[in-house]
Amino acid sequence: MAGLAAAFGSGAMTNTIGDIEQSDVILIAGSNTTENHPVIATVVKRAVHLKGKTLIVVDPRRIKISDFAHTWLRPHLGTDVAWINGMLHVIIAENLHSKEFVESRTTGFEALKQAVARYTPEYVEAITGIPARDLTEAARLFAGAERGSILYCMGITQHTTGTDNVKSLANLAMLCGNLGIAGGGVNPLRGQNNVQGACDMGGLPDVFSGYQKVADPQARARMQAAWNVDRLPEKPGLKVTDMLPAAHDGTLKAMYIIGENPLVSDPDLNHAEKSLGHLEFLVVQDIFMTETAAKADVVLPSACYAEKDGTFSNTERRVQRVRKAVEPPGDAREDWKIICAIAGRMGYPMPYADSREIMDELRRVTPSYAGISYERIEHEGIHWPCPNEEHPGTPILHREQFTIGRGIFHAIDWVPPAERTDVDFPLYLTTGRVLYQYHTGTMTMKTGGLNEIAPECFVEISAFDAKANGVQEGHLVTIASRRGSIQARIRVSPKAVAGTVFLPFHYAQAAANRLTSDALDPVCGIPEFKVCAVKLQRAA
Amino acid sequence: MTAEANPNTITINGSEFTFQPGETILEVARHNAIDIPTLCHLKAADPTGACRVCLVEVQGARSLVASCAMPAAPRMVVHTESPKVVTARRLVIQLLLASGNHNCLVQGSDGRSFEEYAARLQHAGGGIEPCPVWGDCRLQELAWRYGLTGGRFSPTPVRYPLEDVNPFIVRDFARCILCGRCVQACNEVQVNQAIHFGYRGAKSKIIAAGDRPYRDSDCVFCGECVQACPVGALVEKDARGKVWPRDVQKTVRTTCTYCGVGCQTQLHIKDNGVVKITGVQEVAPNYGSLCVKGRFGFDFIGSSERLKTPLIREKDRFREATWEEALDRVARRLGEIKAADGPDSIAVLTSARITNEENYIAQKFTRAVLQTNNIDHCARL
C-alpha cells in the first residue's frame, strides 16, 4: 500500500466494486480474480460479457479471467515496471494522455516523461516478452477509454519491486486522468476479509488507527490523552518481515501472535521455523492448533467470526457489521476479551461491555471512522473516510484533489527480480491460491467438499515444460529451489506458460514457501513470493 | 402530480402511479407495494416471461401479458388480481405442479403441517422421500396462495436421474420446473456459463457441458443456481434431507470471513450450528452472490478440532489450563521480559481475520501497555 500512499496520499482502493461496471476499459494486472476474488470477477465478467466493456489482462499465467479479455498480455515474471513504462511511453509518444488532468492535478510529469522515453515497445518486448504490437494496442485501448479502471493484487505487490510496481500503475491512472471519477481508479484487491481494517485500526508498526503517525508528537499527544497514559513509544516498530529475523538474532524475545499462521504463510519457511524456536516466550491465540500454535508456550482459544459482534472493512473501504450467530465452543472467547484480560493483569484495565463500546471509543480517535456508527451501518456498510454522522461516506477517493494535494508521478526504472533462472535452477516458480482453498487452509481444509475438489498440492506446468522435463500428469515430482524442496503432483495445464511453473501455497505438507525467496521490497517489506528459480525432477 | 401533468402515469388496481420510462409493470407495482407474484423472474437478469405466473390484465390488450417483461406505458390500466388473471394464474400454477414430482400437495392435501405431510407420504408408501425444501418453496407458496391442491393434471414422467456426484449441490431433475432461473443466474449474474437449456420439448433439461455432471463442467460451485432455484431441484448437498427449512431456528446476517470483498451473508442456524449460508439479496457489495468458499466452506466453525480451552506447554506437550492460569502466565511472562529486555523485545502480530474493534484493542494494548510499536499483521504475506 506504500506505493499508493506515495502517489496519492492514501493507500486503499480508490473506487468501489460496483463502480467497475461503469468503466469503459478494465485493466487487471497480477490478479487471478476468478479464483481469489470470485464475486468481484462476476462484476468484471458482467461488464465485459453483458455490457460490452473492454478488458485487458496482464498476467504470467493464462488465468480464467483472460478468457474474457480483449487482450491478454503475458509478461515474464518480475517485469511489471517495464510493461507499465512501455504503456506510459506509447501514451505520451502518441499524445493520448489527459493533458488537463496532468496539468491541474499532478506533479512530476516531465521527469516521468524522461524516464519512460527509452521504454519503446521494442525495448519492452526484449525485457517482458510482450509483443511490441500488443503492448501498443493495449496502451491505446486504455488511454482511449473515457473511464479506465485498474484492478491489481498480489501479482503486482509480492515482488522486491512491489512498491515500484504500484507507483507505476498509479502513474498510468493519473496519466489517463482516471482518478476521482466513477469507473476509474487504482484498485488493490485485498486478499483477506479484514486486511483493510487491520491497517485502518493501526495494526501497523508506524501508525495509530486512521494512519496517524506514531512519530508525530501531536498524534501521540492525542492518543496519550485518549488512552490515559503518560507516554507512547515514538519509534516505529518492526514489520512482520523484520520480526522473524529479530527473533532469530535474539533481539526479539517474545511474540504474541493473534490469528495468523506465519509458519505456512511466511517466505523461506525453513528459516522462519528456526527463528520462532529462538523466542523465549510465544503466545498464539487462534481458533485451531495451527502449525504456528504448535510451537507456542501458551495457546489461547478464540471465537471465530460467527461467534462475535463487530465490524470488518472490506477492500473498497466499506465498514460492515459482523454479528454473533452461534456460541463459541468450550471456553473459547472473543479476541478482544482475551487481550483486555491480559492488559488488566499487566496493570492497565481495559473494561469494555461489548464491541459497540470499543467502536464508540475508536471512532473518537480515528477521524476517518468518526461518522460510522453501528446504527448507520445496520443495513448497508459505509465507505470511509466518513468524518461525522451526517457525512454519507466516500465511495470515490480523490474527487477534487488528492489526499496529499497534487498526485505525484514517480519516475521509475525497471530492475530485475532478486532471483533469476540459471543452469542449475532453470524454471521460474510463481505462487498463489486456488479457488477451493484459502490462505493456509486453516478454515477451508475443515470442509470435506473443498478438500475433495482441491485435496493436495500440485505443480502447474505447461505441456512443453512437462515434455522437456520428462514428466506427465499425476507424476510425483520434487521441486527444489536454493532454499529447500517439496514434492507435489504434476498438473499439465493450459494456464501455464513455458518456462514458468505455479504452486498454490495453501498446503502445509508441501508448503510452497519452503522454496520461495525471502528477498523483500525495501520500502514495504513485502516478500518476493511471485518469483523464484527452481528445478524439477521426478521423485523416486 | 396529475395524469395531465405527467404523461408517465399508469393505473394499477384503480390507483395511479408515475413511472420512469423503461420500467416494467412489475417494477412499478413493486415500487408501490403491489404484490404481483413471480416465479421465474430474477431481478439481476433480463426478464424472460417464461413461467407466466406474473400475468396481468391490461385494458385494451388482446390477451394477458407478463408483467415482468411488459414496459409500463402512459395511461395504461392494469389489473393484477382480476378474475381473468386469477383463473389464468391458477391454471399456470397447476401446470407447474404437474411438471415433475411436487408431492408437497400429496393426495390433495393443502395442509400447512409438515408432520401431516410426512405421515401422508408414509401412508402412501413406496419410499417416496419428502421434498427437501418443504416450507421454503416458491411453487408451494403460490399453490397455497391460490388455494390449489395439485392433481388437476397428471404429473409428467421423470426422465432424468438425480445427479449428485459432487460435494456441494444435488440436482434433482424430477423437481425441476424448467423456469430457467438457474440458467440466468449462471450466465447473466455470475457469468460462469456452465449451465444451459438442453434438448427440446418434453425432453427439455437444464444441462452442464453437453449434459455432464457439474463436476465435469465449467461449474465452480458458487451455488448461485441453488440460491436462484425456486423449488427443490437444486439443493445444498450437506443440508438436503438432513436440515429441513422448518428446522432453521434463526438467520443472522453477517459479513463473510474469507477474501476482502466482504460479501453480505445470511447464516442459517440450528442448535447453535451453522447449517447453511446464503447471500443477502439487494445489498452491496455482492447483491446475493457468493463463491464456493463463502457459501459452502463453513464446516470449520463447528469443527471438533476447534481449540476449546487454554493450553500451556509442558516440555514437548500441551496440558489444558484454566483461563485464570493461562492469562496469569501470559501477563507475568510478558511483564518479566518487558522489564528485563525492554518493551521492544516484544512483538505482537495482530490479524487480518479479526474485527476492527479487536485490531484497535490489539494496537492499544501493544502501544499503551507493552509500550512498543512492534505490531503488524500478515497483509504483506
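Buried means under 20% relative accessible area, exposed means over 50%, and partly exposed lies in between. Keep this cut-off at hand for the exercises below, which use a predicted model.

**Exercise 1.** Classify B:D344 and A:K235 by accessibility, and find what their salt bridge joins.

*Solution.* Start with the contact: the side chains of B:D344 and A:K235 form a salt bridge, at 3.7 Å from N to O. B:D344 sits in the loop between α8 (323–341) and β15 (346–349) of chain B, and A:K235 in the loop between α12 (217–227) and α13 (240–248) of chain A, so the pair joins two chains. Now apply the cut-off. B:D344 has a relative accessible area of 38%, so it is partly exposed. A:K235 reaches 55%, so it counts as exposed.

**Exercise 2.** Is strand β16 (residues 427–432) of chain A largely enclosed or open?

*Solution.* Count first: six of the six residues are buried, so the strand is largely enclosed by the rest of the structure. Then look at both faces. A:L427, A:L429 and A:T431 point one way, while A:Y428, A:T430 and A:G432 point the other way. Finally, check the neighbours. β16(A) pairs with strand β21 (residues 532–538) of chain A in the antiparallel sense over three bridges, with A:L427 opposite A:V534. β16(A) also pairs with strand β20 (residues 500–504) of chain A, in the parallel sense over five bridges; there A:T431 has A:L503 as its bridge partner.

**Exercise 3.** Are B:R171 and B:E163 buried or exposed?

*Solution.* These residues form a salt bridge, with their closest N and O atoms 2.6 Å apart. Both B:R171 and B:E163 are buried.

Methods. Residues numbered from 1 in each chain as written. Chains lettered and ligands numbered in written order. Predicted model: local features only at pLDDT ≥ 70, side-chain atom pairs only at ≥ 80, totals over all residues. Heavy atoms only, no water. Buried < 20%, exposed > 50% of the residue type's maximum accessible area, 1.4 Å probe, protein only. Helix = DSSP H or I, 4+ residues; strand = E, 2+ residues; numbered from the N terminus. Pairing = 2+ DSSP bridges. Salt bridge = Lys/Arg side-chain N within 4 Å of Asp/Glu carboxyl O.
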